[in-house]
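Student: Could we go through this structure together, starting with how its helices pack?

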Amino acid sequence: MSFSSSFRKSSCLSRRSRSLAKTAALATVSPTVNQPEISSSSSWPPPSPPAEAEEEGQSWSTMLPELLGEIMERVEASEDQWPQRQNVVTCACVCKKWREAMREIVRASSPGSGKITFPSCLKQPGPSDFPNHCIIKRCKKNSTFYLFLSLTPSFTDKGKFLLAARRYRHGAHIEYIISLDADDLSQSSNAYVGKLSSDFLGTNFTIYDSQPPHSGAKPSSSRTSRRFASKRISPQVPAGNFEVGKVSYKFNLLKSRGPRRMVCSVKCPLPEERADKHLDDSKAKIAEGAAPGLAILKNKAPRWHEHLQCWCLNFHGRVTVASVKNFQLAATVDPSQPGGKGDEEKVLLQFGKVGDDTFTMDYRSPLSPYLAFAICLTSFGTKLACE
Amino acid sequence: MLLSKNSALESKDNEIFEVEESIAIQSELIKTMTTMVNSKAYVNERNQMVPEARCRKQANYHVEQNNKIVDEELSDWESKFFEVDMDDLHELFMAANYLEIESLLNGVTKRVGDFIKACKNVEVIRQTFGINNDFAAQQEEEIRKLNSWNHI
């Protein structure tokens, strides 16, 4: 009988696993824990348990993961949105046991919800049913773009900061370095998560990820990849850049001011393995004949509105300023669907202007926030070839 | 003549309680033993600490109250019941888990969850629960990153 790591709906563990848990608790030799100093000036927090409790293995600090999980589950389920979701991350920072318990719960909770909890969620698929709403802010002065998760429907509220990208020019070649740290945007940083590079004309882009998209992936040896001293936490993860997508723009040759055509092929992340084995396998099925997780997206063609004399797309109120940068992407090949067939009516990524330097980005599964952000950045990069 | 069947329960510290059977079987553990043995069941709590007796008494009382009073009074009563220190809360939690009393377990986990949310930062949680920071030096960097990620 092994300890079940799945967290079941009913609060009470089965007798057999609990009696084993209790035997294990008694068998565990708990070292005496140094009690932290407690501030005597306040009545909060309540006094911590006495040192004698440690010897019996019966205290909060030696609580078994299964029991700890009962409490963690409740915290995770009730703190759905940011800023309250901070509490979930705080739990994961307390100690090793709490970290493992909380990470497992986040992994197992609501598959397909696309909830953003830890930085690693930025490279996990978005929600299956409805898009996540984000805001991109552009700062022209320092050529930097900031991605935020919207916490309110307003376009002026920023929300939770997710990623930043800075545009660098190397001669005729342009790169966007993408980072978790808004103040540290370099490839050698610990916060570096990937980059976008474009050709001279700004019509073909390649998206790179600092982490391998799947096991066995080899880092690319692009002209611009440099050696850098990697201060990585886990040396097992190979340093380098892994190609995860390509975006190309084609221009409408018949109508000079017509909308451009976008094609993206991206390696989408497959949902993380869950503790609960009974997951919906159709989502994890690899499309026949396609590379694992490969999605092909094309932009929806706007309709010409004769009366208004302009090209129109229905952005459902999420885009309010006309701009050639605005787009909606739908999949022709979608690895998250049975058979890999994309639904050309379902918008997986929508991007558009709502203010001088403010844009909305709405994305959903199988795209991750990172991929969505990188694709949106390409829209800024095609200025050279516009009209 | 007994109006309702009573169960006699013995705790680790050899105290014997008599509780109404309908209340005793709120605990799944006792329910199982009762159906296996007889209506008069002796439960030997080998692994619980001394204050267990008090916990179980309170647990039964809680269940009894549950059956009697209306929602508003119940939630007031419940919040007072759970206003105990971390030590007692821990015992209540372990007792509720061992005895498989779902309603009590729900109440305790909610209370502990509320404590965690009220703590707001890692150090306060560690102090409240008496937990040591056992991250290795390598992991500390990752935790530092998580902490800066955790700000809006």
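Tutor: In this predicted model, α2(A) passes α4(A) in a right-handed crossing.

Student: How close do the axes of α2 and α4 of chain A come, and at what angle do they cross?

Tutor: The axes of helix α2 (residues 65–78) and helix α4 (residues 96–108) of chain A come within 9 Å and cross at roughly 55 degrees. That angle is why α2(A) counts as oblique to α4(A).

Student: Which residues of α2(A) and α4(A) meet?

Tutor: From α2(A), the residues are A:Pro65, A:Leu68, A:Gly69, A:Met72, A:Glu73, A:Val75 and A:Glu76. They meet A:Lys97, A:Trp98, A:Ala101, A:Met102, A:Ile105 and A:Val106 in α4(A).

Student: How many residues in the contact of α2(A) with α4(A) are nonpolar, polar or charged?

Tutor: The contact of α2(A) with α4(A) has nine nonpolar residues, one polar and three charged.

Student: Turning to the strands, what do β1 to β9 and β12 to β14 of chain A form?

Tutor: They form a closed barrel of twelve strands, in the order β1-β2-β3-β4-β5-β6-β7-β8-β9-β12-β13-β14 (chain A), with antiparallel pairing. From one strand to the next, the twist averages 20 degrees.

Student: Over how many bridges do β1 and β2 of chain A pair?

Tutor: Strand β1 (residues 132–139) and strand β2 (residues 144–149) of chain A pair over six bridges, in the antiparallel sense. Within this pair, A:Ile135 stands opposite A:Phe148 in β2(A).

Student: Which helix lies across strands including β1, β2 and β6 of chain A?

Tutor: Helix α6 (residues 369–381) of chain A does, running at about 150 degrees to β6(A).

How values were computed: Residues are numbered from 1 along each chain as its sequence is written. Chains are lettered from A and ligands numbered from 1 in the order in which they are written. This is a predicted model: local features need pLDDT of at least 70, side-chain atom pairs count only at pLDDT 80 or more; totals for chains, interfaces and linings use all residues. Side-chain values use heavy atoms; hydrogens and water are left out. Two strands pair if DSSP finds at least two bridges between them. Helices (H or I, at least four residues) and strands (E, at least two) are DSSP runs, numbered from the N terminus. Axes are lines fitted to C-alpha atoms, for helices over the stretch in contact, and angles run from 0 to 180 degrees between N-to-C directions. Contact means heavy atoms within 4.5 Å. Angles under 35 degrees count as roughly parallel, over 145 as roughly antiparallel, 65 to 115 as roughly perpendicular and the rest as oblique. A crossing is left-handed if the near helix is turned anticlockwise from the far one by less than a right angle, and right-handed if clockwise. Ala, Val, Leu, Ile, Met, Phe, Trp, Tyr, Cys and Pro count as nonpolar, Asp, Glu, Lys and Arg as charged, and the others, Gly among them, as polar.
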